[in-house]
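The following note concerns side-chain contacts between aromatic and charged residues. Please read it alongside the sequence and the model.

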Amino acid sequence: AAMAARCRLAARFHHIHGTNIRLDASHTQATRVESFANGLCFSQEPLAPGQIFLVEIEEKELGWCGHLRVGLTAHDPQNLEVVPEYSLPDLVNMGDTWVFAITRNHNRVVVEGEEVQARGHPWEPFLLIERVRIPRDTLVGRSRPGRYSHILDDLYKMNVLPATARRSRIGVLYAPQPNGTADMHIVINGEDMGPSARGLPTTRPLYAVVDVFASTKSVRVIPVDYGFPSLQTLCRLVIQKHIVHRLAIDGLDLPPLLKSFCQHE
């Protein structure tokens with residue numbers, strides 16, 4: 001219950017962000033309005049151990065090279081004199097920051113002599129990372145609401161979207177280790193990429209970093225329920241249960257923010 005409450009609070013972007021970023025009223029959507037840089041965003045709150053900060057790529061922009069960048073930082077956004085132009089290398093060069101560019105292939109850090117554990121099948125209901133268990137269904141990208149989306153939804157549950165595609169979902173979390181440090185994990189469409197960085201400090205608050213860079217133009221934070229679903233989620237499930245498919249949500253007499261929430265699983 002404590003994790004669920006904390007996750008709902010942190011599933012928003014911080015009001016401190018890059019100069020080219022515009023947030024929506026709910027602080028869950030970040031859009032880069034010009035250029036290809038100054039798109040740095042942070043989680044509103046520091047993450048708890050095992051808590052995933054998950055975003056969905058909503059809009060792409062042609063003509064730029066490079067994709068979304070994600071990671072963690074021990075710098076409190078509130079204390080930054082100036083938000084760096086880039087996460088790589090600017091924010092990383094400040095120290096205590098671990099950021100990676102999302103590509104179609106993502107490498108993990110393997111300690112010498114360590115065996116790479118087999119990853120779980122994408123159709124297993126939960127993703128297990130260390131002692132953390134996350135409902136996989138929320139982590140996987142979905143088809144865009146459209147004319148035939150109610151037919152394609154089952155297909156998309158089995159289909160793995162490319163990491164940089166629209167509707168792809170990217171998450172970051174840290175898992176504490178017995179030596180007092182933590183490993184950072186990046187999750188792409190429900191698949192754990194393994195430890196991307198090791199030796200992170202657990203004595204300082206760690207904020208999620210999302211750099212809306214280059215060909216990635218807009219992303220949205222996706223709330224993840226741990227344990228019992230929130231009242232928001234239960235209301236969304238009731239609404240979805242009584243419609244033919246998600247496109248019909250646009251025709252309901254509901255506030256725009258509630259419509260948006262119901263359309264994003």
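**Note on charged and aromatic contacts**

1. Arg-220 counts as buried, at 10% relative accessibility (buried means under 20% relative accessible area, exposed over 50%, and partly exposed in between, with a 1.4 Å probe and protein chains only). Asp-24 is likewise buried, with a relative accessible area of 19%.

2. The model is a predicted one, in which local features need pLDDT of at least 70 and side-chain atom pairs count only at pLDDT 80 or more, while totals for chains, interfaces and linings use all residues. Residues are numbered from 1 along each chain as its sequence is written, and side-chain values use heavy atoms, with hydrogens and water left out.

3. Seven salt bridges are found in a search of the whole structure (a side-chain nitrogen of Lys or Arg within 4 Å of a carboxyl oxygen of Asp or Glu). One of them joins the side chains of Arg-220 and Asp-24, at 3.9 Å from N to O. Arg-220 belongs to strand E13 (residues 216-221) and Asp-24 to the loop between strand E1 (21-23) and E2, so this pair ties together parts 196 residues apart in sequence (strands, E, of at least two residues and helices, H or I, of at least four are DSSP runs numbered from the N terminus). A network of salt bridges links Asp-24, Glu-58 and Arg-220.

4. A salt bridge of 2.7 Å, N to O, is formed by the side chains of Arg-169 and Glu-56. This pair connects distant parts of the chain, with Arg-169 in strand E9 (residues 169-176) and Glu-56 in strand E4, 113 residues apart. Arg-169 is buried, at a relative accessible area of 2%, and Glu-56 counts as buried at 3% relative accessibility.

5. Asp-96 and Arg-204 also meet through their side chains in a salt bridge, at 2.4 Å from N to O. Asp-96 is partly exposed, with a relative accessible area of 34%, and Arg-204 is partly exposed at 33%.

6. The whole structure contains five aromatic pairs (rings of Phe, Tyr and Trp, the last by its six-membered ring, with centres within 6.5 Å; planes under 30 degrees apart are stacked, over 60 edge-to-face, and the rest tilted). Phe-36 and Trp-64 make a tilted pair, 4.9 Å centre to centre with 40° between the planes. Ring pairs link Phe-36, Trp-64, Tyr-86 and Phe-213 into a cluster.

7. Arg-69 lies over the face of Phe-213, at 3.8 Å from the ring centre (the criterion is NZ of Lys or CZ of Arg within 6 Å of the ring centre and within 35 degrees of the ring normal).
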